[in-house]
Amino acid sequence: PDRIETIFTPILSQTRLTTSTLRQELGLTSDAVVVGCVAAMRASKGHREIIHAMAPLFEQRPNVHLVMVGSGEPVFQEIKNLVNSLDLGKRVHLLGRREDVSQLMADFDLFCLATRLEASGMVFLEAASAGLPVIGTSVGGVPEMMEDGKTGLLVKLDDTEGLRRALLSLIDDPVLRKQMGQAGFKRIWEDPASPFTPHALVRQTEASYRKWLSRAHRTTSKKIE
């Protein structure tokens, strides 16, 4: 363990945009609450789980919409079939692959990814960098990408009710959404100890080399003596 260091991939630039054409593209009103999900369409990413968690909420909250960005067959078609079978075509919007993700995020109200397997989860940082509160599952490196209860909410894997409660708590509370979104943005860009900036990458990499080279030098010196 003393020969291992964790250095996070950094967010290269701030993506907190203020304008987006997403709502205009989808014909959504300004009072619509948009839950966004950005991920490649793979079974391990949990798209199906989000839809099942949100299905009852669409009946209770007529202004809630789910926007899923990402592509990948055959899962994309499977998710599309699921949406159609639940008659949610007007509430769940599958955009496929897009090159304007940062602009789309500017029109999200919150970000959710119920991933089942994740090495780190950079997209949670990208969402936070856009000023969004995030909801994720406590798997892999996801807990390191957020602060549960401060920048977002963590739920257990396969806890559909827990995921639904987390979604509802942010959907119904715009003040909480704003607080968590601001906290996530500040954690990345304004916290001097943030490990997610390019400067932190350089600092941590250099510190690791210096530590290990110093250790190697001491070991070599002892052998010579």
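The model is predicted, so local features need pLDDT of at least 70 and side-chain atom pairs count only at pLDDT 80 or more, while totals for chains, interfaces and linings use all residues. Residues are numbered from 1 along each chain as its sequence is written, and side-chain values use heavy atoms, with hydrogens and water left out. Helices (DSSP runs of H or I, at least four residues) and strands (runs of E, at least two) are numbered from the N terminus.

**Helix 2 and helix 7**

- The axes of helix 2 (residues 47-60) and helix 7 (residues 160-171) come within 9 Å and cross at roughly 60°; axes are lines fitted to C-alpha atoms, for helices over the stretch in contact, and angles run from 0 to 180 degrees between N-to-C directions.
- The two helices, helix 2 and helix 7, are therefore oblique to each other (under 35 degrees is roughly parallel, over 145 roughly antiparallel, 65 to 115 roughly perpendicular and the rest oblique).
- Helix 2 contributes Glu49, Ile50, His52, Ala53, Met54, Pro56 and Leu57 to the contact, and helix 7 contributes Thr160, Leu163, Arg164, Leu167, Leu168 and Ile171; contact means heavy atoms within 4.5 Å.
- Nine residues of this contact between helix 2 and helix 7 are nonpolar, two are polar and two are charged (Ala, Val, Leu, Ile, Met, Phe, Trp, Tyr, Cys and Pro count as nonpolar, Asp, Glu, Lys and Arg as charged, and the others, Gly among them, as polar).

**Helix 5 and helix 8**

- The axes of helix 5 and helix 8 come within 7 Å, crossing at roughly 110°.
- Helix 5 is therefore roughly perpendicular to helix 8.
- On the helix 5 side, Leu125, Ala128 and Ser129 meet Gly181, Gly184, Phe185, Ile188 and Trp189 of helix 8.
- This contact of helix 5 with helix 8 comprises five nonpolar, three polar and no charged residues.

**Cavity**

- The lining of the largest cavity consists of Leu125, Ala128, Val134, Met145, Met146, Thr151, Gly184, Arg187 and Ile188; a cavity is a set of points on a 1 Å grid over the protein atoms alone where a 1.4 Å probe fits but cannot get out, and lining residues have an atom within 4 Å of a point.
- Helix 5 (122-129) and helix 8 (174-189) are the elements that give two or more residues to this lining.
- Helix 8 supplies the largest share of the lining, three residues.

**Backbone features**

- Glu73 and Pro74 are joined by a cis peptide bond, with omega about 5°.
- Pro74 lies in the loop between strand 2 (64-69) and helix 3 (75-85).
- Asp87, a residue other than glycine, has a positive phi near 55°.
- Asp87 is placed in the loop between helix 3 and strand 3 (92-96).

Terms used: 1 Å grid on protein atoms, 1.4 Å probe; cavity = no way out; pocket = protein on both sides within 12 Å on 5 of 7 lines; lining within 4 Å.
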